[in-house]
Amino acid sequence: MRKVLALAAAGLLLVVVRLAAHHAFAAEFDVNQPVKVHGTVTKVEFVNPHAWIYVDVKGDDGKIVNWHFELGPPNALFRLGWKKDAVPEGTVVDITGFRAKSGEAVANGRSITLPDGRELFSGGSAPKQ
Amino acid sequence: MLLSNDVRVVAVLFAAVVAASGQAQPDLQGMYTRSGVVGLEAQPPENPIDPSGKNPLSVSNRGDGLGPYPGIFGQGGTVLRAGQARQQRRTGIVDPEDRKLPWKPEEDAKRRDFLLHMNPAADLRHVELNARCALPGLFQGEDGNNPYQFLQPPGAVVILYDYNHTSRVIHLDGRPHVGPDIRLFMGDSIGHWEGNTLIVDTTNFNGRIAYSREIPYLSDQLHTVERFTIADANTIDYEVTIDDPVLFTKPWKVAGYFTRVPKGVESLEFACAEGSQTLVNIFGKPPERR
Amino acid sequence: MSRVRSIIACGVLLSAAVLPQSVRRTSDGKPDLNGIWQALNTAAWDIQDHTGQLGVPPGQGVVEGNAIPYQPWAAAKKKENFTRRAVADPTEANCFLPGVPRANYMPHPFEIVQTPKTIAIAYEFAHALRSIPMDGSPHPDGLPDTWMGDSRGRWEGDTLVVDVNSFNDQTWFDHAGNFHSDALHVVERYTLSNADHISYEATVEDPKVFTRPWKMSMPLYRRLDKNAKLLEYECVFYQQEEKFKNAPFK
């Protein structure tokens, strides 16, 4: 970690981030542990400050692990038209993310796609209800 | 004018009553987004927490395209800002104009060192305060997702923040600040109107608030003066004077503005601590106590 | 002169018809609930009759008829909650938002902010907050479940009626383990009995947990202290300071 900090010393130009009010990802999740899983949704929780999506993933050993993926604020999702029951249990998804530094089956979700390539919880594709 | 003393006394009393009842307040009630209150210094320090693309520790530059957060998590703001006219208004640090904040050199050195211990967080004290769901203290940074509601009951201006369900009650009745042994994340605010400007004086901060990613703490000697000026039917201009004599040699000012949201936008609950796993994600589970 | 006197007399009589003369009205003619209020009972520990024990003051309950009509499975669950309450009460163990109506009888003050279009209630405990639209709008469809519910208010004469739903199933009604599901629906009634007292009622219904609706009622008292002000009780922060004081652990 200290080696990486030394690299950061050269001329940082900070850019204002739109989500500055939300806390930083970097302290909680490990950029060196990207994860990519394919599994079945068991639950979607629209709770603040993060929505969560729970996915059953079969490991190489055949055992099923229930991964917890942290998403962004559900209020944003609701305002975009995503209602609380929008993603049914049993939906098959591909999720990418970064694992929590604690090492648990917890990650910060980045992209969630359905088998047909459509992206979940994306601004353009909230289903009409 | 030749008014008798009695009539003059009655007139003064009448004016005071009307003001306290709220009838004399200019009306700024409604729901707003907040823009531009970003205290970004001219030469900001190195910051491992910074999520921008220029920080090797952030994920913005990764070849696999994974950014700090998928763009949609800012898109709640597209609903809040729908129909708002583009505005060029005073924003950011406006005093000093060169945005070089008047740090005491030893305090600037301390905070730059503090930042270098925030990722990984050396201990609880070095964890970002808004990652702990603490009350925010001052308006800070951009916030695309969370509106503000201004209410004016008799004798007060009340600001409700969606963000972490925060509220501020600003009394206009001329009462003094609370005593010095009461310390608050949000400070103690008292206000008065001058024409179309609400002036809010806040003291009694507890020294446990951050100002920004680059200014991770302000002291308990912080004193702020805010000016909310009704600029037009849809806009409130905002300026805060930040006076922290422990950290800075003189006060400095940041500006921004509030803009009305479209009709139909309502407040939504933002429960923070209830769903937060942040401290456990950073440090692991605390030992069971019994 | 006598005609003016009789007009004034009529006005006085009319305004006194529903409420005592001491009750102020707001600019839109409603009873003025603005101010800081607090319950003075022990409902936060147990909403039913309970005997004193170490750390728990005795109290006469606030539940009308003193019986909570649990379905059989739920009565067993309540008993289990009670046994585990020291770690299982989300509000006392974790400082989580207390929900409705518990927020109104926590041993902390709260502030009612009343305007014609919106009434807000700000609570000192964990800075809980409720925003109550008074514009006749319906509960939104598909709202994420919330801790403090979605509130919609209206006036029925001089009584503020607030309809609350969209709760999650996470809050308890008290420290004794009384609980509900996400089907909870609460209807509150706030009536000023005089300038400094609100008669408060909350009707609770939850078809997943109870066999019928039931009601709590209690007075709420205006805080008359000079320059009374809501302060901050940030127990999440205090708990973090304690639990993580020796972090990191790994």
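## Helix 6 of chain C

In this predicted model, helix 6 of chain C (residues 235-243) has C:Val236, C:Phe237 and C:Gln240 as its buried residues. Helices are DSSP runs of H or I with at least four residues, strands are runs of E with at least two, and both are numbered from the N terminus. A residue is buried if 20 or more other C-beta atoms, placed from the backbone, lie within 10 Å of its own, exposed if 12 or fewer do, and partly exposed in between. The buried residues of helix 6 of chain C line one face, because they fall within an arc of 95° seen down the helix axis; the arc is that of the directions from the axis to the C-beta atoms.

C:Tyr238 and C:Glu242 are exposed on the face turned away from the buried side. Helix 4 (278-283) of chain B is included in what covers the buried residues of helix 6 of chain C.

## Chain C as a whole

Chain C contains 6 helices and 9 strands. Its C-alpha atoms fill a box of roughly 85 × 45 × 40 Å along the principal axes. Of the 250 residues in chain C, 40% are buried.

Among the contacts in chain C with a separation of 6 or more (C-beta atoms, placed from the backbone, within 7 Å), 54% join residues 24 or more positions apart.

## Contact with chain A

Chain C gives 5 residues to this contact and chain A gives 8 residues. The chain C side has 2 nonpolar, 1 polar and 2 charged residues.

## Basis of the model

Residues are numbered from 1 along each chain as its sequence is written, and chains are lettered from A and ligands numbered from 1 in the order in which they are written. Local features need pLDDT of at least 70 and side-chain atom pairs count only at pLDDT 80 or more, whereas totals for chains, interfaces and linings use all residues.

Terms used: Contact = placed C-beta atoms within 7 Å. Nonpolar A, V, L, I, M, F, W, Y, C, P; charged D, E, K, R; others polar.
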